[in-house]
Amino acid sequence: MPAMLLEAVGMVQSRLWMPPDGSLHGITLDRQMRWNLIAICICCCAAHVWLIAAMLRRRRAHTTRSTTFRWTLLSALCAMYLWIAITAQHLWASSRYAGPSLEAMQAEVVGEQFQWYFRYPGPDAAFGSTRPALANAAAGNPLGLDARDKRSTDDVVSSVLVLPAGREVDLRLRSLDVIHGLFIPGMRLKENTVPGLVLHIHFTPTTPGTYPILCSQVCGSGHARMQAVLSVVSPAEFEAWLATREHARTEPPAQ
Ligand SMILES: [Cu+2]
């Protein structure tokens, strides 16, 4: 019965506002959201029934029975609130307080008015230094990669975030100007990019497909067009894509 109820709420949820989930942690998160929604709906309906009944009934003197009923109801509400808070905290902690595994893939997301850039560390597995003074999108260096740092020479910068399905990703988030909000609804992922800070968030995409990337902070006049795409592909397709980008980065163009 609970499974059927969850499934029914899930169908309504996906039709009304939630896109299909493509991440590992999204399964637990969606279940949590559905239980919260069910609890809130029951409370809302019960409160209205109680309110209408109280208006229609004639005022009665307090009895021991009605007082016991009220305390039972209050205790049940407190227990429900605690259950929601504890399970939500557990879910939050597993994704935000616990770090990624050592095998997690590294990638960087950089927000700039009004564009998302994505960087991969290349074969050396280390992100090279950047300098804001060198940032020049027209010259093909939007993040200001410093060529004097050897670790920068193989870094791959892309305007599309391509990730392999089934592998955990450790995203490091930066901003070049104002606060932006990385929001990938299909991955149940939302985190700000803050100037001067490097924030981390980790997750595992599971379902191949294309997912919109949005900005959830009103970051300026072009905020609405600050969109990009996450493409989740098979590990083999990802390796092939990255190898092509790395080759183009490290090999000088043929004369
Ligand atoms: Cu933005």
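Colleague: Which residue of strand 3 is the bridge partner of arginine 119, and what makes strand 2 and strand 3 count as a pair?

Modeller: The bridge partner of arginine 119 in strand 3 is valine 157. Three bridges join strand 2 to strand 3 (residues 156-158), and the two run antiparallel; two strands pair if DSSP finds at least two bridges between them, so this is a pair. The strands themselves are DSSP runs numbered from the N terminus (strands: E, at least two residues; helices: H or I, at least four). This is a predicted model, in which local features need pLDDT of at least 70 and side-chain atom pairs count only at pLDDT 80 or more, while totals for chains, interfaces and linings use all residues. Residues are numbered from 1 along each chain as its sequence is written.

Colleague: How do you know how confident the predictor is, and which element has the lowest mean pLDDT?

Modeller: The mean pLDDT of the protein is 87, and 90% of its residues reach 70 or more, where pLDDT is the predictor's confidence in each residue, from 0 to 100. Among the elements, helix 1 (residues 2-16) has the lowest mean, 68, whereas strand 4 (residues 161-164) has the highest, 97. Where pLDDT is low, the predicted coordinates should not be read in detail.

Colleague: Which strands pair with strand 1, and in which sense does each run?

Modeller: Strand 1 (residues 105-112) and strand 2 (residues 115-120) pair in the antiparallel sense over five bridges, and a hairpin of two residues joins them. Strand 1 is also joined by seven bridges to strand 5 (residues 169-175), and those two run parallel. Glycine 111 has partners in both: tryptophan 116 is its bridge partner in strand 2, and serine 175 stands opposite it in strand 5. Glutamate 112, for its part, stands opposite glutamine 115 in strand 2.

Colleague: Is glutamine 106 called buried, partly exposed or exposed, and why?

Modeller: Glutamine 106, which lies in strand 1, has 16 other C-beta atoms within 10 Å. A residue is buried with 20 or more such atoms within 10 Å of its own C-beta (placed from the backbone), exposed with 12 or fewer, and partly exposed in between, so glutamine 106 is partly exposed. Leaving aside its neighbours within four places in sequence, glutamine 106 is in contact with Pro121, Ala125 and Asp170, contact meaning that the C-beta atoms, placed from the backbone, lie within 7 Å.

Colleague: What is the peptide bond from glutamine 113 to phenylalanine 114, cis or trans, and how do you know?

Modeller: That bond has omega near 0 degrees and is cis, and phenylalanine 114 sits in the loop between strand 1 and strand 2.

Colleague: How do you know whether the span of helix 2 is close to what is expected, and how many of its residues are buried?

Modeller: The expected span is 1.5 Å times one less than the number of residues. Helix 2 (residues 25-56), with 32 residues, reaches 47 Å from its first C-alpha to its last, close to the expected 46 Å. Two of its 32 residues are buried, and helix 2 is thus hardly covered. Helix 3 (residues 64-96), with 33 residues, reaches 47 Å, close to the expected 48 Å, and its count of buried residues is zero.

Colleague: What are the bounds of domain 1 and domain 2, and how many residues of each take part in the contact?

Modeller: The domain assignment gives domain 1 (2-96) and domain 2 (105-250), such bounds coming from an automatic or database assignment. The contact takes nine residues from domain 1 and 12 residues from domain 2, while the C-alpha centres of the two domains lie 38 Å apart.

How values were computed
Contact = placed C-beta atoms within 7 Å.
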